[in-house]
Amino acid sequence: MTDTAHVSTQGGYEGPPVDRPRIQVVPLKGLPVAAVGLAIVVFAIASNNKWALIFSHVVGGGLWTGIDLFVGLVIGPILGRLSIPARAEFSARFMPKMVLIMPTIVTMNLASGFQIARKLGNLTTGSPNHAWLIASFCVVGGMVVVALGILEPANIAVIHEMNKKVPSGERIHRLMNRFIYTAGMLGVMQVATLVIMTRVASR
Amino acid sequence: MSDHTNAPAPVADRPYPPIAWLTTGALGFVVIGGIIMASYSPRVAPLKTATALLVAGAVLLLGAVGLLLRIGEFAWSRFFKVFKWALLAYVIEAGMIEFAFLKDQLRGTSLLIVTLMLVVFATSVPITIAFTTARYADLDED
């Protein structure tokens, strides 16, 4: 390992700490990209421009669903089978990017999606899509609680643990397990989102 | 670390009050409230239900803050360091949601309830993140 942590596999000390650069919790280079994403949403809502709203919704939603499915159902199970140092090394590079990407694309998707639903009249009780949208709100609500209440705090705690002189492998293992299980849950919930959204779009 | 078997347990491995569960519960209540408010849009949602959910969320959040303040030995500098940045991020996010509701002409009591729900949202998530991070931090690492 060059720039990653020297991890104590059982929470014990294994040797002198390796001199390594600190992991940036939020990659500063990515902030302008996130700002552009958020600016697109603000423009779309403020202008009520249909194309801008749909662009923001589709880009945010496509990435959100794709990333959740891939991370939850592909990356997660692979991570679960890796050794603790390998998990730690992967996390050091992966988690900071997720900290920035996920809130941005979720905001792009949800804020514009709500406006589109209003604009198309899908929120009115007379709309055939009304019940599907409420189901979608419930799925999204569940995902928000799991992602913001369990997954994201674990992600950030892992990064901080990795920045210690001698990170605890046992603690990283515990926090990563949280990540793996909740990411799997989110992946499964995204399948429901796919069903609902394709159903709404095909009516 | 592990050589000192008689030493007190590291701060990170000590039991803490269920602060993250309470703040996540608060988030859950305001999310349900938000779903109810949004599902009635553009009509006015049943405000009693939404208010009850808001109050439940606020009570859990205040309970979490109360328990947090009673913790003696804690990595407070790490907590506040993470909390302030997370708060900034979630205030921006809550501000965007508020902007969308204002744009949709939400006014009066409904707007007040949504705004207070967003306040609970924008504070509960940073507390959850900061507490989860600080509980595993060493007291002297900052």
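Biologist: What is phi like at Q105(B), the residue that comes after α3(B)?
Modeller: Phi of Q105(B) is positive, near 65 degrees. Bear in mind that this is a predicted model.

Biologist: Which residues of α3(B) are buried?
Modeller: They are R78(B), F79(B), V82(B), A86(B), Y90(B), E93(B), I97(B), A100(B) and F101(B).

Biologist: What do those pack against?
Modeller: In chain A, the buried residues of α3(B) pack against α1, α3 and α4. In chain B, they pack against α4 (108-135).

Biologist: What does E98(B) touch, leaving aside neighbours within four places in sequence?
Modeller: T115(B) and L118(B). The C-alpha atoms of E98(B) and T115(B) are separated by 6.8 Å, with the two residues 17 apart along the chain.

Biologist: Switching to T133(B). Where is T133(B) found?
Modeller: T133(B) sits in helix α4 of chain B. T133(B) is buried, because 26 other C-beta atoms lie within 10 Å.

Biologist: Which residues does T133(B) touch, not counting those up to four places away in sequence?
Modeller: From chain A, T133(B) touches I156(A), A157(A) and H160(A); from chain B, R78(B) and V82(B).

Biologist: How far apart are the C-alpha atoms of T133(B) and G108(B)?
Modeller: They are separated by 38 Å, for residues 25 apart along the chain.

Biologist: How many residues does each chain put into the contact between A and B?
Modeller: Chain A puts in 32 residues and chain B puts in 32.

Biologist: Which element of chain A gives the most to that side?
Modeller: α4(A), with 16 residues. On the side of chain A that touches chain B, α1, α3 and α4 of chain A each supply at least two residues.

Biologist: What is the make-up of the chain A side by class?
Modeller: The side of chain A that touches chain B has 21 nonpolar, six polar and five charged residues.

Biologist: How many residues are in the largest nonpolar core?
Modeller: There are 86, and the members that touch the most others are V158(A), A26(B), V30(B) and F121(B). The largest share of this core comes from α4(A), with 15 residues. As general background, nonpolar side chains tend to be buried together in soluble globular proteins.

Biologist: What is A26(B) in contact with, apart from neighbours within four places in sequence?
Modeller: A26(B) is in contact with G57(B), L60(B), L61(B), A64(B), V120(B) and S124(B).

Biologist: Back to whole chains. How many helices and strands are in chain B?
Modeller: Chain B has four helices and zero strands. Buried residues make up 41% of its 142 residues. Of the contacts in chain B with a separation of 6 or more, 86% are between residues 24 or more positions apart.

Biologist: And what does the secondary structure of chain A come to?
Modeller: Five helices and zero strands. Of the 203 residues of chain A, 42% count as buried. The C-alpha atoms of chain A fill a box of roughly 65 × 30 × 20 Å along the principal axes.

Biologist: Where is N48(A)?
Modeller: N48(A) lies in the loop between α1 (31-47) and α2 (50-81) of chain A. Phi of N48(A) is near 55 degrees, a positive value in a residue other than glycine. N48(A) is exposed, because 12 other C-beta atoms lie within 10 Å, and 12 or fewer counts as exposed.

Biologist: Last topic, confidence. What is the mean pLDDT of chain A?
Modeller: The mean is 85, and 90% of the residues of chain A reach 70 or more. Over residues 1-5 of chain A, pLDDT is below 50, and this stretch has 13 contacts in the model beyond near neighbours in sequence. Residues 10-16 of chain A also stay under 50, with 15 contacts beyond four places in sequence. Where pLDDT is low, the predicted coordinates should not be read in detail.

Definitions and conventions:
Residues are numbered from 1 along each chain as its sequence is written. Chains are lettered from A and ligands numbered from 1 in the order in which they are written. This is a predicted model: local features need pLDDT of at least 70, side-chain atom pairs count only at pLDDT 80 or more; totals for chains, interfaces and linings use all residues. A residue is buried if 20 or more other C-beta atoms lie within 10 Å of its own, exposed if 12 or fewer, and partly exposed in between; C-beta atoms are placed from the backbone. Two residues are in contact if their C-beta atoms, placed from the backbone, lie within 7 Å. pLDDT is the predictor's confidence in each residue, from 0 to 100. Ala, Val, Leu, Ile, Met, Phe, Trp, Tyr, Cys and Pro count as nonpolar, Asp, Glu, Lys and Arg as charged, and the others, Gly among them, as polar. A nonpolar core is a set of buried Ala, Val, Leu, Ile, Met, Phe, Trp, Tyr and Cys residues joined through C-beta atoms within 7 Å.
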